[in-house]
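Trainee: I would like to learn how to read a structure like this one. Can we go through its features in turn?

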Amino acid sequence: MKTEFEKMRSGELYDFADSEVLASVARANSLCARLSVMTAADSDYRPTIEQLIPGIPASTTIAPPFRCDHGHGIVIGEDTFINYGAIFLDGGMIRIGRNVKIGPSCRIYTPQHPID
């Protein structure tokens, strides 16, 4: 039987109030709040963004402020730059390739976040 988190990742209906899902969101909210008072040049930036998005390449920069639901649902390639104010709702997986440039205030939503 799938967990609610596994259901979310696979695009099935899931219970957002599940403790594992809520803990993941709380973790990301805390890390995003810390990032919101930093610049990419701050000494705490790299450890914080790496904690939020495991495996983010050292050559990739996300200019704070940045918001996401979970962080570990985001995979980004080498030499990518994401400008200020990006919001990635990563209930499902978000994959961004190498050498990508994303402008300011970009919004990326997965199917787990239906929009009109």
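**Reading the model**

Mentor: Thr110 counts as buried, because its relative accessibility is 6%. Keep in mind throughout that this is a predicted model.

Trainee: Where in the chain does Thr110 lie?

Mentor: Thr110 is in the segment after β8, the strand of residues 107-109.

Trainee: Which residues is Thr110 in contact with, leaving aside its neighbours within four places in sequence?

Mentor: On that count, Thr110 is in contact with Leu89, Asp90, Gly91, Gly92, Met93 and Ile94. A polar atom of the Thr110 side chain lies 3.2 Å from the backbone oxygen of Leu89. A polar atom of that side chain also lies 3.0 Å from the backbone nitrogen of Gly92.

Trainee: Leu89 came up there. What stands opposite Leu89 in β8?

Mentor: Tyr109 does. As a general idea, strands of a sheet pair through backbone hydrogen bonds, either parallel or antiparallel. Here, strand β5 (residues 86-89) is joined to β8 by three bridges, and the two run parallel.

Trainee: What is the order of the strands in the open sheet?

Mentor: The order is β2-β5-β8, three strands with parallel pairing. The edges are taken by β2 and β8, each with a single partner strand, so one side of each has no neighbour in the sheet. Ignoring direction, neighbouring strands of this sheet are turned by 5° against each other on average.

Trainee: Next, salt bridges. How many does the structure hold?

Mentor: The general idea is that side chains of opposite charge can pair when their charged atoms come close. This structure holds three salt bridges. In one of them, Lys2 pairs with Glu12, and the closest N and O atoms are 2.3 Å apart. Lys2 lies in the segment before α1 (4-9) and Glu12 in the loop between α1 and α2, so this pair ties together parts that are ten residues apart in sequence.

Trainee: What does Glu4 form a salt bridge with?

Mentor: Glu4 pairs with Lys7, the closest N and O atoms being 3.0 Å apart. Both are in helix α1, and because they are three residues apart there, about one helical turn separates them. Glu4 counts as buried at 19% relative accessibility, while Lys7 is partly exposed at 22%. The cut-off matters for this pair, because buried means under 20%.

Trainee: And where do Glu50 and Arg46 lie?

Mentor: Both lie in helix α3 (residues 45-52), four residues apart, which is about one turn of the helix. Glu50 is partly exposed, with a relative accessible area of 36%.

Trainee: How many disulfides does a search of the whole structure find?

Mentor: In general, a disulfide is a covalent bond between the sulfur atoms of two cysteines. The search finds zero disulfides here. The closest cysteine sulfur to that of Cys68 is in Cys32, at 4.0 Å, which is too far for a bond. Cys106 is in no disulfide either, and its nearest cysteine sulfur, that of Cys68, is 13 Å away. Cys68 counts as buried, at 3% relative accessibility.

Trainee: Let us take a residue in a loop. Which residues does His72 touch, not counting those up to four places away in sequence?

Mentor: His72 sits in the loop between β2 (66-68) and β3 (74-76). The residues touched by His72 are Phe5, Arg9, Ser24, Arg27, Leu52, Pro54, Asp90 and Met93. With Arg9, the side chain of His72 makes a polar contact of 3.0 Å. Pro54 is 18 residues from His72 in sequence, yet their C-alpha atoms are 6.1 Å apart in space. His72 counts as partly exposed, at 31% relative accessibility.

Trainee: Last, where is the place of Ser30?

Mentor: Ser30 is in helix α2 (residues 19-35), and at 41% relative accessibility Ser30 counts as partly exposed. Ser30 and Tyr45 are 15 residues apart along the chain, and 14 Å separates their C-alpha atoms.

Note on methods
Residues numbered from 1 in each chain as written. Predicted model: local features only at pLDDT ≥ 70, side-chain atom pairs only at ≥ 80, totals over all residues. Heavy atoms only, no water. Buried < 20%, exposed > 50% of the residue type's maximum accessible area, 1.4 Å probe, protein only. Salt bridge = Lys/Arg side-chain N within 4 Å of Asp/Glu carboxyl O. Contact = heavy atoms within 4.5 Å. Polar contact = N/O pair within 3.5 Å; in protein donor to acceptor, adjacent residues only side chain to side chain. Pairing = 2+ DSSP bridges. Axes fitted to C-alpha atoms, helices over the stretch in contact; angles between N-to-C directions. Disulfide = S-S within 2.5 Å.
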